[in-house]
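Work through these exercises with the model open beside you. Try each task before you read its solution.

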Amino acid sequence: YPFRTFPLALDVGSGRGYIAQHLTKETVEKLIQVDIAENALKNAVESEIPTVRVVADEEFLPFKEDTFDLVVSSLSLHWVNDLPKAFREIHQVLKPDGVFIGAMFGGDTLFELRCSLQLAELEREGGFSPHVSPFTAVADLGHLLARAGFNTLTVDTDEIQVNYPGLFEVMEDLQGKYILCMGESNCSWNRKPLLHRETMLAAAAIYQEMYGNSDGSVPATFQIYYMIGWKYHESQAKPAQRGSATVSFGDLAKVEGLLKRGKK
């Protein structure tokens, strides 16, 4: 649908409205921005698209069924307590033949930091608690979307590595300038309120030893899942019936041989 127009779209977990800056009136006619953080919505950046901002929880969307032509979400769903319910809510507010396009942080995000902290705590304190929010595995994402009712699914994954001088700079960055869009501290109830200084120093040494680059910097990995799912409509393409194929996959092995004969 390269030229499809969406009269009404919803941005779930919109934050300060970063997605709106990349949308045009030719694509989206009106955008509803939803976030549980009221301050983020109050400080949202302006866009050329008419927008309405609503403070609401992603798990309890205050909209009627079959309302939106498009739902988008960018890097906020890893904070949701009940991800299956959030997907069901998104599916419910979509119109038939509406589409959900989302991106969220995946299971390998910040694995270097998590591993270093865990090893340091085990060594210095005899046990560990989580200090980075948990993430979803890519193997589960397709199943969760399908269970919520989406079809014609597309799930992809990408990894971005950012280099830092050391562990302390990684943590400062996560708790500082990224706090509004990532918030990669931890929301777990059973976490320890703080780490001892010796544990932090040990974690920094482990981080450098296990993952350090040759120039002395350390990498921080951010894994991102991209997903597209459609709400069913009878006009959508349907898979062919089982057994209706006219060509066997076994014949594909013969294609290369036939091409070589043709060249000769």
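Helices and strands here are DSSP runs, numbered from the N terminus; a helix has at least four residues and a strand at least two. The model is predicted.

**Exercise 1. The chain as a whole**

Task: State how many helices and strands the chain has, and give their order.

Solution: 
- Start with the count. The chain has seven helices and seven strands.
- The order is β-β-α-β-β-α-β-α-α-β-α-α-β-α.
- Next, look at burial. Of the 264 residues in the chain, 41% are buried.
- Last, check contacts between residues at least 6 apart in sequence. Among these, 74% join residues at least 24 apart.

**Exercise 2. Classify a serine**

Task: Is serine 217 buried or exposed? Find its surroundings too.

Solution: 
- Locate the residue. Serine 217 sits in the loop between helix H6 (197-211) and strand E7 (218-230).
- Apply the cut-off. Buried means under 20% relative accessible area. Serine 217 has 11% relative accessibility, so it counts as buried.
- Look for a polar partner. The side chain of serine 217 makes a polar contact with the side chain of aspartate 215, at 2.7 Å.
- List the contacts, leaving out residues up to four places away in sequence. Serine 217 touches Asn163, Tyr164, Pro165, Gln208 and Gly212.

**Exercise 3. Salt bridges**

Task: How many salt bridges does the structure hold? Describe three of them.

Solution: 
- Side chains of opposite charge can pair when their charged atoms come close.
- Give the count. The structure holds seven salt bridges.
- Take lysine 231 and aspartate 66. Their closest N and O atoms are 2.7 Å apart. The two residues are 165 apart in the chain: lysine 231 is in the loop between E7 and helix H7 (252-263), and aspartate 66 is in the loop between strand E3 (51-55) and E4. Lysine 231 has 9% relative accessibility, so it counts as buried. Aspartate 66, at 35%, is partly exposed.
- Take aspartate 69 and lysine 95. Here the closest N and O atoms are 3.6 Å apart. The pair links strand E4, which holds aspartate 69, to strand E5, which holds lysine 95, 26 residues apart. Aspartate 69 is buried at 13%, while lysine 95 is partly exposed at 30%.
- Take lysine 85 and glutamate 89. The closest N and O atoms are 3.6 Å apart. Both residues lie in helix H2, four residues apart, about one turn of the helix. Glutamate 89 has a relative accessible area of 14%, so it is buried.

**Exercise 4. Aromatic pairs**

Task: Which class of pair do phenylalanine 105 and phenylalanine 222 form, and why? Start with the pair of phenylalanine 100 and phenylalanine 150.

Solution: 
- Ring centres must lie within 6.5 Å; planes under 30 degrees apart are stacked, over 60 edge-to-face, and the rest tilted.
- Count the pairs. There are six aromatic pairs by this rule.
- Work the starting example. Phenylalanine 100 and phenylalanine 150 are 5.7 Å apart centre to centre, with 35 degrees between the planes, and the pair is tilted. Phenylalanine 100 is in strand E5 (residues 94-105), and phenylalanine 150 is in the loop between helix H4 (138-147) and strand E6 (151-164), 50 residues away. Both are buried.
- Now the pair in the task. The ring centres of phenylalanine 105 and phenylalanine 222 are 6.4 Å apart and the planes meet at 55 degrees, so the pair is tilted.
- Check burial. Phenylalanine 105 is buried at 4%, and phenylalanine 222 is buried at 8%.
- Look for a cluster. Ring pairs link Phe87, Phe100 and Phe150.

Note on methods
Residues numbered from 1 in each chain as written. Predicted model: local features only at pLDDT ≥ 70, side-chain atom pairs only at ≥ 80, totals over all residues. Heavy atoms only, no water. Buried < 20%, exposed > 50% of the residue type's maximum accessible area, 1.4 Å probe, protein only. Polar contact = N/O pair within 3.5 Å; in protein donor to acceptor, adjacent residues only side chain to side chain. Contact = heavy atoms within 4.5 Å. Salt bridge = Lys/Arg side-chain N within 4 Å of Asp/Glu carboxyl O.
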